[in-house]
Amino acid sequence: MSACCTRPCTRPSWMPPPRGLLALLGGFIIHFSLGTLYTHGNLSTYVISYVRNYSHPHSLDGGTTAWLYGAALMGHGASMFAGGLLELKIGPRYTALLGSVIMSAGVMLSAAAIRVSFWLLLFTYGALFGVGSGIAYIAPIVCALRWLPKWKGVANGVVVSGLGLGALLFDLAQTRYINPDNLGAVYLTDDSDSVFVDAGLLGRVPNSFLIFGGVYLTMQLIGCALLTNPTRPKRQPHSDTARGRHGSTTSTGALSAASEVSSVGNPESSVLSFDVGVALASNPAASSRAAGEKEVEMKMIVEHADDHESSDWTTNIIGSVTPLKMLKTPNFYHLWFVLVLNTIGLTCIITMYKMFGQTVIKDDLFFATTGSVASIFNFAGRLLWGIAADLFTFKLAIVSLCAATTVLALTFYTITLGVQAVFFIWVCAVFFCVGGIDVLFATGVARSYGPKYFGVNYGLLFTAELVVGVVSSVLSSSTVEWYTFFFLASAFSGLAFVLMMFFRNKRYILTR
């Protein structure tokens with residue numbers, strides 16, 4: 001038998017073992033269910049139509065319905081911090097499970113809430129949905145970062161790409177169940193909102209919450225079962241050294257001094273600790289330096305655009321910054337305001353695109369198809385923006401994202417009005433940009449402040465959604481003309497672009 005046939009098959013060093021791949025799949029499934037947040041825009045016209053005919057208030061309009069998405073965003077932003085804290089205490093599986101149960105319960109309770117009033121629906125399908133999704137959101141990402149510590153953008157992208165794909169299935173499923181005959185919305189004489197009036201269609205609206213809520217919960221239970229952390233490396237009680245995969249010897253005393261550093265190489269031989277930084281075992285030079293260091297302190301460096309050429313950024317010894325220390329850094333607030341401004345612009349469009357399109361387009365199935373295909377672009381955006389953040393710098397990626405959002409919002413009214421093909425392309429492009437928000441800012445937090453407190457730090461950054469939810473809902477419920485609405489959306493994103501241009505990438509590393 002030839003030597004090539006007897007040589008054992010080896011897994012690439014960057015690829016996690018089977019348990020890690022299953023954990024990534026579990027995170028993807030959970031986020032796929034959380035991605036039904038993006039079906040709010042498709043569902044809004046059905047909600048308006050049902051409430052006007054069978055619930056309260058009878059004068060409900062499209063602008064007020066935008067608060068459903070706004071309430072979900074505010075609940076999401078308020079609870080992500082709690083999700084990060086819970087993940088540190090009880091792990092990713094049970095944190096994701098708790099959030100998933102809250103979210104799915106909110107959806108199923110909406111079947112009863114919508115029969116009572118829109119305001120009760122605002123609590124169940126808005127706030128409760130958002131709180132549950134916010135708690136469940138962080139845990140799968142933290143788990144993925146532990147399995148792929150050197151590829152933060154890819155790890156984020158794989159998991160949150162599920163969030164982008166959620167609407168692919170459920171936009172069409174909602175429309176096929178509620179409106180199987182593709183009936184068109186009609187204008188009533190007392191206002192400018194188009195609504196559905198068919199009794200059979202409206203009768204299916206409450207039951208849709210119960211059915212889809214059960215589907216979401218089933219998916220989430222499967223995803224949570226697959227979530228597992230890498231196992232801790234076994235300690236050697238009679239040895240003060242641990243040998244890495246390259247044969248280098250690392251002092252456990254030095255690792256103790258550098259308390260924020262992890263030992264990550266091949267997950268089967270040197271597995272990520274829960275206190276992780278970035279690999280020593282995969283970097284023999286760093287391991288040798290650490291072996292001779294008795295004292296380690298944390299210093300801040302500026303990450304220039306040519307960082308990837310001057311140093312191997314995937315194996316730097318990155319320290320983890322506590323939430324309190326992070327709150328004292330100017331860069332946190334810089335990122336926070338950029339996130340607020342750009343997300344306001346995107347949120348305004350994704351919540352109102354169907355309402356705007358229905359002013360001239362009467363094909364309800366077209367909007368469901370547009371939303372579903374746009375979710376593919378949302379999915380692709382999460383992967384491609386994440387790869388861009390890893391190959392270049394996350395600053396360049398976010399600047400590009402803000403610029404694209406500004407142009408799309410500024411041209412949305414004039415280019416898409418009445419032209420279905422162009423409307424379709426612009427909505428898909430907007431959702432491609434939406435995909436970049438979560439993955440790029442997550443990568444920025446992980447790369448700047450380290451992975452140990454990532455869940456909590458990321459949750460603090462996403463308190464920005466509290467502001468986004470209020471401002472975007474106020475703007476969407478205002479009486480401004482459509483061209484003014486899209487101009488204001490582009491202005492917010494334009495301010496984010498300018499602000500991000502002045503951002504300086506900084507990260508903490510452990511040095512002598």
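The protein chain holds 19 helices and six strands. Helices here are DSSP runs of H or I with at least four residues, strands are E runs of at least two, and both are numbered from the N terminus. This is a predicted model, where local features need pLDDT of at least 70, side-chain atom pairs count only at pLDDT 80 or more, and totals for chains, interfaces and linings use all residues. Residues are numbered from 1 along each chain as its sequence is written, and side-chain values use heavy atoms, with hydrogens and water left out.

**The chain overall**

- Of the chain's 512 residues, 57% count as buried; buried means under 20% relative accessible area, exposed means over 50%, and partly exposed is in between, using a 1.4 Å probe and protein chains only.
- Take the contacts in the chain with a separation of 6 or more: residues 24 or more positions apart account for 83% of them. A contact means heavy atoms within 4.5 Å.

**Cavities**

- Searching the whole structure turns up seven cavities of 30 Å³ or more. A cavity is a set of points, on a 1 Å grid over the protein atoms alone, where a 1.4 Å probe fits but cannot get out.
- The largest cavity has about 200 Å³ of space, where volume is the space filled by probe spheres set on the points, and grid points are joined across faces, edges and corners.
- There are 18 residues lining the largest cavity, and those nearest its centre are Tyr38, Tyr69, Leu73, Asp438 and Glu465. A lining residue has an atom within 4 Å of a point.
- Four helices each supply at least two residues of that lining: α4 (62-116), α5 (118-147), α13 (330-357) and α16 (420-449).
- Helix α13 gives the most to the lining of the largest cavity, with four residues.
- By type, the lining of the largest cavity has twelve nonpolar, four polar and two charged residues. Nonpolar covers Ala, Val, Leu, Ile, Met, Phe, Trp, Tyr, Cys and Pro, charged covers Asp, Glu, Lys and Arg, and the others, Gly among them, are polar.

**Helix α13 and its partners**

- Helix α13 packs against α17 (residues 454-461) at an angle of about 55 degrees, with the axes 9 Å apart. Axes are lines fitted to C-alpha atoms, for helices over the stretch in contact, and angles run from 0 to 180 degrees between N-to-C directions.
- That angle is why α13 and α17 are oblique to each other: under 35 degrees counts as roughly parallel, over 145 as roughly antiparallel, 65 to 115 as roughly perpendicular, and the rest as oblique.
- On the α13 side, Phe332, Leu335, Trp336 and Leu339 meet Asn457, Leu460 and Leu461 of α17. The residues of this contact divide into six nonpolar, one polar and no charged.
- Phenylalanine 356 also lies in α13, and with a relative accessible area of 1% it is buried. The C-alpha atoms of phenylalanine 356 and tyrosine 413 are 8.9 Å apart, although 57 residues separate the two along the chain.

- Glutamine 220 is in helix α8 (residues 205-226) and counts as buried, at 0% relative accessibility.
- Leaving out residues up to four places away in sequence, glutamine 220 touches Ile30, Ser33, Leu34, Ser100, Met103 and Ser104.
- Leucine 25 lies in helix α2 (residues 18-34) and is partly exposed, with a relative accessible area of 41%. Its C-alpha atom is 7.3 Å from that of glycine 223, which is 198 residues away along the chain.

- Leucine 391 is in helix α14 (residues 364-391) and counts as exposed, at 52% relative accessibility. The C-alpha atoms of leucine 391 and tryptophan 151, 240 residues apart along the chain, are 9.8 Å from each other.
- Alanine 491, in helix α19 (residues 482-501), is partly exposed at 34% relative accessibility.

- Most residues other than glycine have a negative phi, and most peptide bonds are trans.
- The peptide bond from histidine 56 to proline 57 is cis, with omega near 0 degrees. Proline 57 sits in the loop between α3 (40-54) and α4.
- Asparagine 182 has a positive phi, near 55 degrees. Asparagine 182 is in the loop between α6 (152-178) and β1 (186-187), and at 29% relative accessibility it counts as partly exposed.

Notes:
1 Å grid on protein atoms, 1.4 Å probe; cavity = no way out; pocket = protein on both sides within 12 Å on 5 of 7 lines; lining within 4 Å.
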